[in-house]
Amino acid sequence: ATVIVRFSCASFLFADRVKMTITVARATLALCLATGAMGFSAPSVSRLPMTSLKGSQSRAAAASSISALSMSGAAPKKSASALTTQVRAAFESASTKLVPAYAAFTSLFGIASGLPAALVVSLIASSVGFISAVYFVGYGYALSMIALGSVALRQYMPTASQFAVYHAAAVVAWGARILVFLLYREFYAWKQLRERNMETNKKFAPTAKVSTWLFVSVFYSLLFTPVLFHLQTASTIPLLTKTGLGVAAVGLVLESQSDSAKSSFKKKTPSSFMSTGLYRLCRHPNYLGEIIFWAGSYMAGVGSLTSPLKWTSASLGMAGIIAIMLQATESLEKKQALKYVKVEGYKEYVAKTPKLLPFTSGDDLEEILEAAKKAKDAKVKSVAAAKDKAVKDQEAKDNDAKDKESKGKGPAGVPAAAKKAAPETPSVKIIGTNESPYLKNKKPWDT
C-alpha cells in the first residue's frame, strides 16, 4: 500500500509492448485494488520523476491514472480481464477487515515521534528470522528497511519535502538491493548456504530467537530514525542534507559493486581470495560501503533532529551500525586468515592492503592468526563447558529422581504405602493330571 506500488503498476500497464511485465502488472494491480478498497487516498506523485512513462504522457495524466487504478479498482481492459470477480471480492473483504487494525497502527505515529510505529513494522518484517535464526540479520534486515521506508512514505508523503522523499526512497532501494543479493546468493550462487543456515538454526533455542528478534527490531527502527524524522520535519540544513544523500549514494554503489564482484569471483574460484577491483582499496569494501551509506543517511537527517529524543535515537542507530560492522570485519578477518593462510599471496595481500579504511596500513597475518586461534580455542572450551553442564544437570535430575523414589515416592509420585495397600495378584496353583477331580471322575463319554 505505497506510492511505489502504484507508480510501478502504472509503469507496467503503459508498457504494453513488453510481454515480460504482464505477470508483474497483474500482481501489482491486485495490490492496488486491495489498497483502493481500504479507502486510502492516492498520494501526491508530483515530486517523483515519471521517466518510465512515454513522452506523450503528461505528469498530470500519469497521476490521474495511478489514482484511478488504486481508488476505483478500474484498470485497462487487458489487465481487468485477468482479475476474476472472486479475487476482487476476496481482496475487498480482507481490506475491510484490516481497516480497524490499520487505523490503530497509524495512531502510533503520533506517539514518541513515531518510534512505536517503526518498532511494530520492524517486528513484523524481521519475524522471518523464526524460519532460520540467521535470517534475523539477513532477510529481516532488508525487509525491515523496505517496510519501514514504504510505510513511512505512505504516512508522510503528502507533507514531506522533496529531499525527504529521496531519502526514504534511497533506504528502500538499499533494502531491495540487499534482499535480491541474499536471495541470489542462497538459492542460486551458493546453494549449500541454505543447508548451513538450517543447521545453525537448530542451535538456537526458542528463547534465544525471541531475544534476537527483539534486539534486531529495536536496532533496525533506531537505524531508520533519521529518515523517519526527515519525513516528519524538513531539514534546517539543506546543504548537509544534499551532501548526505550524495554520500549515501556513493555507499550504495560501493557496497553493490563489491558484493557483485565478489560473488562472481567466488563462483569461478571458490577456494581463493579476491584482491582485484575495489578489493585493492581495502579488504572489506562491502562493509565500508554499508558504513558510508548509513553515515550519509545520518547526515541527511541531522537537520531534522529537533529534540533530545530524536538526537538520541538517531545517534544510537548510527553508533550501533558502526559497532556491528567493525565486529563483523574482525570476525571475517579471523575466518579468512584460517582459510587462506596456505594460499599463495594472501600474506602479502593482508600486509599491503588496509582492512577497512583505504589509504591506511595493512596488517600482520601472524597476529590475525594468533587471535583467530585464541577465539577458536575459546569457542571449543565454551562448547565443551556447555556439554559438561548439560551432563551434570542430567545426572542431578536422575539423582533427585532416585532420592524421591527411595524416600517413599516412585517416579510417578505414588506413595510407597499406597503401593503396599494395593491388592496383590492371586497366585495360581498348577496341579498334575492325576490330582484333577475331573479326570478322576471322568466317564467314557467325556472323551
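**Figure 1. Salt bridge between K202 and E199 in helix α9 of the predicted model.** K202 and E199 form a salt bridge in which the closest N and O atoms are 3.5 Å apart. Both residues belong to helix α9 (residues 192–202) and are three residues apart, so about one helical turn separates them. K202 has a relative accessibility of 62% and therefore counts as exposed. E199, at 45% relative accessibility, counts as partly exposed. In total, the structure holds nine salt bridges.

**Figure 2. Salt bridge between E255 and R177, joining helices α11 and α8.** The side chains of E255 and R177 meet with an N to O distance of 3.5 Å. Because E255 lies in helix α11 (residues 238–268) and R177 in helix α8 (residues 162–189), the pair ties together parts that are 78 residues apart in sequence.

**Figure 3. Salt bridge between K355 and E330.** The side chains of K355 and E330 meet in a salt bridge with an N to O distance of 2.5 Å. K355 is located in the loop between α14 (346–352) and α15 (365–406), whereas E330 is in helix α13 (residues 308–340); the pair links distant parts of the chain, 25 residues apart. K355 counts as partly exposed, given its relative accessibility of 23%. E330 is likewise partly exposed, with a relative accessible area of 36%.

**Figure 4. Surroundings of H284.** H284 is situated in the loop between α11 and α12 (285–302). Its relative accessibility is 1%; since buried means under 20%, H284 counts as buried. Leaving aside residues up to four places away in sequence, H284 touches T329, L332, E333, Q336, K355 and L356. One of these contacts, K355, is the residue whose side chain meets that of E330 in a salt bridge.

**Figure 5. Aromatic pair formed by F130 and W213.** A pair of aromatic rings is described by the distance of the centres and the angle of the planes. The count of aromatic pairs in the structure comes to 17. For F130 and W213, the ring centres are 5.3 Å apart and the planes stand at 70°; as an angle over 60 degrees counts as edge-to-face, the pair is edge-to-face. F130 lies in the loop between α6 (115–126) and α7 (139–156), and W213 in helix α10 (residues 206–232), so the pair ties together parts that are 83 residues apart in sequence. F130 counts as partly exposed, at 36% relative accessibility.

**Figure 6. Packing of helices α6 and α10.** The axes of α6 and α10 are 8 Å apart, and the two helices pack at an angle of about 130°. This angle makes α6 oblique to α10. Their crossing is right-handed. On the α6 side, the residues that meet α10 are L115, A118, L119, S122, L123 and S126. Their counterparts in α10 are W213, L214, V216, S217, V218, Y220, S221, T225, L228 and F229. Among them, W213 is also the ring partner of F130.

**Figure 7. Aromatic cluster including Y220.** Which residues form the aromatic cluster? The cluster consists of Y141, W174, F219, Y220, F293 and W294. Of its members, Y220 is also among the α10 residues that meet α6.

Methods:
Residues are numbered from 1 along each chain as its sequence is written. This is a predicted model: local features need pLDDT of at least 70, side-chain atom pairs count only at pLDDT 80 or more; totals for chains, interfaces and linings use all residues. Side-chain values use heavy atoms; hydrogens and water are left out. Rings of Phe, Tyr and Trp (its six-membered ring) pair if their centres lie within 6.5 Å; planes under 30 degrees apart count as stacked, over 60 as edge-to-face and the rest as tilted. Helices (H or I, at least four residues) and strands (E, at least two) are DSSP runs, numbered from the N terminus. Buried means under 20% relative accessible area, exposed over 50%, partly exposed in between (1.4 Å probe, protein chains only). A salt bridge is a side-chain nitrogen of Lys or Arg within 4 Å of a carboxyl oxygen of Asp or Glu. Axes are lines fitted to C-alpha atoms, for helices over the stretch in contact, and angles run from 0 to 180 degrees between N-to-C directions. Angles under 35 degrees count as roughly parallel, over 145 as roughly antiparallel, 65 to 115 as roughly perpendicular and the rest as oblique. A crossing is left-handed if the near helix is turned anticlockwise from the far one by less than a right angle, and right-handed if clockwise. Contact means heavy atoms within 4.5 Å.
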